Amino acid sequence: MFVASLILILSTALFLFYLQATCQRILRRQFDQEYFRSIVNANRLEFPSIRKALEEYDGPTDYARFRMTLKCDFLALTYLLKNAGNADRRYTRDERLLMLYFRAVYLLMVARHGLRLRERNAIVNLTAILEYFANVVGQRVNLVRFGNLAPSNYLLNL
Amino acid sequence: MLESFLSFDLYLLVDVFAFALVVFLACKGSWKRLPALWAYLFAFLVIDGVARRYVLYHYGIKSNAYIYCYWLTDAALALGLFLLICTFFQRACANERKLWPFLRLFLAFVFVLVLGMSAHTLSRNYENLFSRFIYEFNQNLYFTCLVLNTLLFIMMQQIENADDELQMLVCGLGLQFAGPAANFALMFLTPDNTTAHGYAKLLFAFASPLCTLGMLLTWFYAVVKMPKPATARASKKLVPVMATSHRSA
């Protein structure tokens, strides 16, 4: 009974660990250039400024503002993932997995804040996922030509 | 009804993905780079897609023949994955020549031990296969493979192995072992003929094919999108010439 309980706990923990490791491996994918910058500028996304704030200041985080900003950026980027330069208008499997991962980390951030633990690492993780999404959108938009429109103009016309 | 229909569909989806991966590896010529992975997938396809389905259609899902076929082939597939992990260990140690001879001995010892114990316990409980024994047996087998896989993952972090494709393949294996191991433990812990045991069995009907599907999708991602390890080999003809010139100098 004891061994079975131990196996149940360890296996569940390792399952979550491998799921997280898989998502982290996908996020480590290298892009040939920083596509996310044009997407951030065209859509006035704020996640890079959050990451910069976290890197530069070690003080307390403005949790309420960060939470709202990350949520808004996530909604904007998932919309763009589906509609910008995407002929199928569908998410790929890895995008779906990362969206689930984002939601899980977001919940973890809320839980950590509720328990008065530091939510810094969770916020950094969330910005990494958003950067990956922005890079994917930027790469897609860059690959497709839209007449005389530049990628940023195309996004503004969506 | 809905449960069996959905899980049947899931198993079909798993076979379709396994077939697609086998064909993809064969067409791209990647099976030469990943022969053990390809061989495992091919064996999986033959066992799960052909042998089990043949027994299922001929004898029915509740027949003894199907139950024996399912659990014995499940153990065989788990042992196949064990061998696959051994080949991943070898690939991870490609740049650590001193480590591999020691690991090879260790892995051979563990494999013989697991194989021997599995054969011994299965033969002793062959008549008793429908009892809780099978849950305990599979729980231990999957957990042993999970521990070995986790050792490989930790070793790769320690030796700073930069093989992204291998890391992704190992993550896929981790999903395949961890999910069913937890599920078997849950089934073993819940008493027979209780609602909790019923839920644990229902969970297994979905979790097992979903974990296999997760592994296949992760492997797909690894072979399609992950950068491949560079293979730089010096020409065999050059080596003696260089050695001679060095000696003469």
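Helix 4 of chain A passes helix 6 of chain A in a left-handed crossing. The model described here is predicted. Helix 4 covers residues 63-83 of chain A and helix 6 covers residues 120-143 of chain A, and their axes lie 10 Å apart at an angle of about 25°. Because angles under 35 degrees count as roughly parallel, helix 4 of chain A is roughly parallel to helix 6 of chain A. On the side of helix 4 of chain A, the contact involves A:Phe66, A:Leu70, A:Asp73, A:Phe74, A:Leu77, A:Leu80 and A:Leu81. These residues meet A:Ile123, A:Leu126, A:Leu130, A:Phe133, A:Ala134, A:Val136 and A:Val137 in helix 6 of chain A. By class, 13 residues of this contact are nonpolar and one is charged, with no polar residue.

Chain B contains eight helices and zero strands. From the N terminus on, the order of elements in chain B is α-α-α-α-α-α-α-α. Of the 249 residues in chain B, 32% are buried. Among contacts in chain B between residues at least 6 apart in sequence, residues at least 24 apart are joined in 73%.

Within chain B, helix 2 (residues 35-59) packs with helix 3 (residues 64-92) at an angle of about 175°, and the two axes are 10 Å apart. Since angles over 145 degrees count as roughly antiparallel, helix 2 of chain B and helix 3 of chain B are roughly antiparallel to each other. Helix 2 of chain B contributes B:Ala36, B:Leu37, B:Tyr40, B:Ala43, B:Phe44, B:Ile47, B:Ala51, B:Arg52, B:Val55, B:Leu56 and B:Tyr59 to the contact. The contact of helix 2 of chain B with helix 3 of chain B divides into 17 nonpolar, three polar and one charged residues.

The contact between the chains takes 16 residues from chain A and 22 residues from chain B. On the side of chain A that touches chain B, helix 1 (2-27) and helix 5 (93-114) of chain A each supply at least two residues. Helix 1 of chain A provides the largest share of this side, 13 residues. The side of chain A that touches chain B has eight nonpolar, four polar and four charged residues.

Notes:
Residues are numbered from 1 along each chain as its sequence is written. Chains are lettered from A and ligands numbered from 1 in the order in which they are written. This is a predicted model: local features need pLDDT of at least 70, side-chain atom pairs count only at pLDDT 80 or more; totals for chains, interfaces and linings use all residues. Two residues are in contact if their C-beta atoms, placed from the backbone, lie within 7 Å. Helices (H or I, at least four residues) and strands (E, at least two) are DSSP runs, numbered from the N terminus. Ala, Val, Leu, Ile, Met, Phe, Trp, Tyr, Cys and Pro count as nonpolar, Asp, Glu, Lys and Arg as charged, and the others, Gly among them, as polar. Axes are lines fitted to C-alpha atoms, for helices over the stretch in contact, and angles run from 0 to 180 degrees between N-to-C directions. Angles under 35 degrees count as roughly parallel, over 145 as roughly antiparallel, 65 to 115 as roughly perpendicular and the rest as oblique. A crossing is left-handed if the near helix is turned anticlockwise from the far one by less than a right angle, and right-handed if clockwise. A residue is buried if 20 or more other C-beta atoms lie within 10 Å of its own, exposed if 12 or fewer, and partly exposed in between; C-beta atoms are placed from the backbone.
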